[in-house]
Amino acid sequence: MAFRLTGGTKDYIVVGSDSGRIVILEYQPSKNVFEKIHQETFGKSGCRRIVPGQYLAVDPKGRAVMISAIEKQKLVYILNRDAAARLTISSPLEAHKANTLVYHVVGVDVGFENPMFACLEMDYEEADNDPTGEAAANTQQTLTFYELDLGLNHVVRKYSEPLEEHGNFLITVPGGSDGPSGVLICSENYITYKNFGDQPDIRCPIPRRRNDLDDPERGMIFVCSATHKTKSMFFFLAQTEQGDIFKITLETDEDMVTEIRLKYFDTVPVAAAMCVLKTGFLFVASEFGNHYLYQIAHLGDDDEEPEFSSAMPLEEGDTFFFQPRPLKNLVLVDELDSLSPILCCQIADLANEDTPQLYVACGRGPRSSLRVLRHGLEVSEMAVSELPGNPNAVWTVRRHVEDEFDAYIIVSFVNATLVLSIGETVEEVTDSGFLGTTPTLSCSLLGDDALVQVYPDGIRHIRADKRVNEWKTPGKKTIVKCAVNQRQVVIALTGGELVYFEMDPSGQLNEYTERKEMSADVVCMSLANVPPGEQRSRFLAVGLVDNTVRIISLDPSDCLQPLSMQALPAQPESLCIVEMGGTEKQDELGERGSIGFLYLNIGLQNGVLLRTVLDPVTGDLSDTRTRYLGSRPVKLFRVRMQGQEAVLAMSSRSWLSYSYQSRFHLTPLSYETLEFASGFASEQCPEGIVAISTNTLRILALEKLGAVFNQVAFPLQYTPRKFVIHPESNNLIIIETDHNAYTEATKAQRKQQMAEEMVEAAGEDERELAAEMAAAFLNENLPESIFGAPKAGNGQWASVIRVMNPIQGNTLDLVQLEQNEAAFSVAVCRFSNTGEEWYVLVGVAKDLILNPRSVAGGFVYTYKLVNGGEKLEFLHKTPVEEVPAAIAPFQGRVLIGVGKLLRVYDLGKKKLLRKCENKHIANYICGIQTIGHRVIVSDVQESFIWVRYKRNENQLIIFADDTYPRWVTTATLLDYDTVAGADKFGNICVAEVIMNYHVGETVLSLQKTTLIPGGSESLVYTTLSGGIGILVPFTSHEDHDFFQHVEMHLRSEHPPLCGRDHLSFRSYYFPVKNVIDGDLCEQFNSMEPNKQKNVAEELDRTPPEVSKKLEDIRTRYAF
């Protein structure tokens, strides 16, 4: 939670976690990090019932914070500041109460009176001591106020009163001079206002949707809220569990609250938390799926929507009704992609793009989607226009150094140059001063307002008043390569002769007296931009045919003298010197500039990019990083991203090398191959790129910097449980199942029934009106992805089987299962007795009730894939006695786990025929892996069981099992003897205990795969929280040893922010074994330079060497 000390100007963050410590953080905008200011220990780590950390409440004036456990313990810390204005924290004051469960805690706004905290509590002492169970049935929840007496420095239990309904959370009402103080209690079906003293309770029922398909007996609760407060007014936005937001206001008479008013505001997906920003935005942090940012366009005061009030007369148990509608007061501005929850993931190159895509089934209920993730940045096309031929280069220039936007786009062809002016539209101009009858090698703004064009026969210097100076090449020589910036021009003539020009104060280009002969032909050159406040860039980089790069000085004292050189593994194709990784600084004059490092990027002809640090004083080259980009020679272009210089590298794919949030990124663009590019700035697109591809000119923008994947989402109807890939057509067969849901057929039936009841309930004279209303109700179709699906009640299931084309995302076939049939497993297989036909088997449970568990049996549906894998043709269904939760093809037959029975089935005419079974598996089979004659069965709580199938005796024989109990969620085979698995508590292991590691999120898919073409194999996992991670094998002892030491040093030098001990966290259930935490090691790059130096010295390395090792291991396996 955020809090601010009284009179302070910045917020701090206080964190309650499972570390048994309270932590206070401060955000440092300059470094973009959180800094830990205080860490106070009060209990053991781990999720414990009586160790505080579950609930946090802050006094609205920032004077104290209460941290509470689910049961018994509450601690209050007093916050203050010392003489140096640093934040101080007191020792904790106890407010414990035994045998008490806590449901929610908030700080009450009492102005500057003694700080007060309100808690929803329940005392279970009597219920514990009463064997009859009467006391348990009569126990009431209480609202309790705790007061922190600042004078006596202790906490008093001030006041407690029993509540009628069971509350689920509290909302603080502004107090002091801003409002009446007190709290709003959100409970089932009601919202109630309570305060001390003479204030009577005010309660108002929570409005329900008119003609809702939900079970009418089901209560309605608010799930989250946000408060907006200005000097003159305040209101609350509270969201129900269906996603409807109500605006709540309080009417006051002097200091007494007289009524609560609710008004339907809008409907957005159900949130875990909402936040109203001062600037008029609403951020919705979704429970599952994407998070949204809305702009509050209207406050909903003057619309037609009815307002409900606690003063309106209603029978007890009745409520108000409203009609949900599309957004009216909110406007969606942006969304933050979230994959949570990932239920199933497969990695394959189904789109034939060289790099595999991740096919991820994620989301919950009607907001589910199948997302295709590709490694790369999303590119938005701003414009595409055809050109009269195939150009070979493009540049943009400004007219004046002060201009914000570019004025011309210059396109060079084999024998001509086209100049386009940038305005409302882009059109050709002829009076720019550029020579149009020749190809161009380069052009640039020179000085303040002149332009320079370099072409094979000379240099053309165009002044602002259109006067033109020309420099012609001597004799038969022509210019082969050039490099230009704002004040300097360097050209290479045939035969490797360099000529250097610099601009003098009068704006004239002057040739340097000597020329420099290079030892070989020049293939590429680069100059850095002129640093602010300097006359020139000091270094020229020249790439030669003899596979070297030379750095040449341009300083007047040693002009054109070689400074350093680097040998390359192949011939260089292009060079680019950029300043990157800069932190913004202000100089004496208040000019903002950034001080970064100079990097020389070298693109080689074999498709490799090298990035080398260029020493700004000596010109030495050091710390080279290598990355393979593609099959074509690499061309480099300097562009601007986020106000800093970045490099666009083009090979068979285009890549962007940029610095974002103080980290280097090298990411491919998810776009077709480009040939040449330049930065582009216009009003519509301030940081764009103009590029050419064959005969088109394209203007592109990159928005989501920092993202590793770009994603395409295809909507699904219910929660996807599993999917398989049909190997021949590459189509996906997805099973989607939801509990507490209606099938489409049942929904239509319910609607019909309700419409008939509406007409029947109406009197004679109202029949026509009722019939119209019923017709309107039947026609109304609100999208469930926003308005939620109706809740059908316990034991109600809905399922579909979908065949989908993963590249276009269109559904080719959809099979609706009947109400209360739930699909749990799917497999695609061939049977040895039917030849080449493909079959899809789906395991379905009938009338499953989760708690207490009961099931009416199950079926295995058999479909034949027809039309080249696009349609499912129903063959037959085979009844079984338990839930078929796992199906796997096996030697031309199929293995099915039916409850705890493992069976082999073969295809028959009327149903599947049982051939063999094993009854000795402990609880419930949740997964089957096969390799050769071996079958590895995952049990829901007893880890793995190894089974061998003996063909001659037709028997399944158990020959090994795991010694640890593991609640397996997913498993994958690594080789004939090794299986990797994950359990529901967030651990990943390789069985026979080769490795153990606690991820901390429930892992639902594991796959052994390669993520980059030519990369090595790694183990990719995805989690319920939407995380994607990889485990990579070490190939050398030396590497393992190095990273073990890095991890050890980082554990002590850079411990986790919230106070967990890293080693104990990673060993939460089983001691961590043979795994090194790469996420922790990568924190090395974000440590302070002096700490980096200390750690690197301990490892006998320099900091760049350590970060190079980190980068190498990452790029060897992934991105």
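Student: Are Phe246 and Phe322 buried or exposed?

Tutor: Happy to start there, with a predicted model in which local features need pLDDT of at least 70, side-chain atom pairs count only at pLDDT 80 or more, and totals for chains, interfaces and linings use all residues. Residues are numbered from 1 along each chain as its sequence is written, and side-chain values use heavy atoms, leaving out hydrogens and water. Buried means under 20% relative accessible area, exposed over 50% and partly exposed in between, with a 1.4 Å probe and protein chains only. By that rule, Phe246 and Phe322 are both buried.

Student: Which geometry do the rings of Trp471 and Phe501 have?

Tutor: Rings of Phe, Tyr and Trp (its six-membered ring) pair if their centres lie within 6.5 Å; planes under 30 degrees apart count as stacked, over 60 as edge-to-face and the rest as tilted. The centres of Trp471 and Phe501 are 5.1 Å apart and their planes stand at 80 degrees, so this pair is edge-to-face.

Student: Why does Trp471 count as buried?

Tutor: The cut-off for buried is under 20%. Trp471 falls below it because its relative accessibility is 18%.

Student: What is the relative accessible area of Phe501?

Tutor: Phe501 is the partner of Trp471 in the edge-to-face pair. Phe501 is buried too, and its relative accessible area is 3%.

Student: Which residue lies over the face of Phe1070?

Tutor: A charge sits over a ring if NZ of Lys or CZ of Arg is within 6 Å of the ring centre and within 35 degrees of the ring normal. Here the distance from the ring centre is 4.3 Å, and the residue is Arg966.
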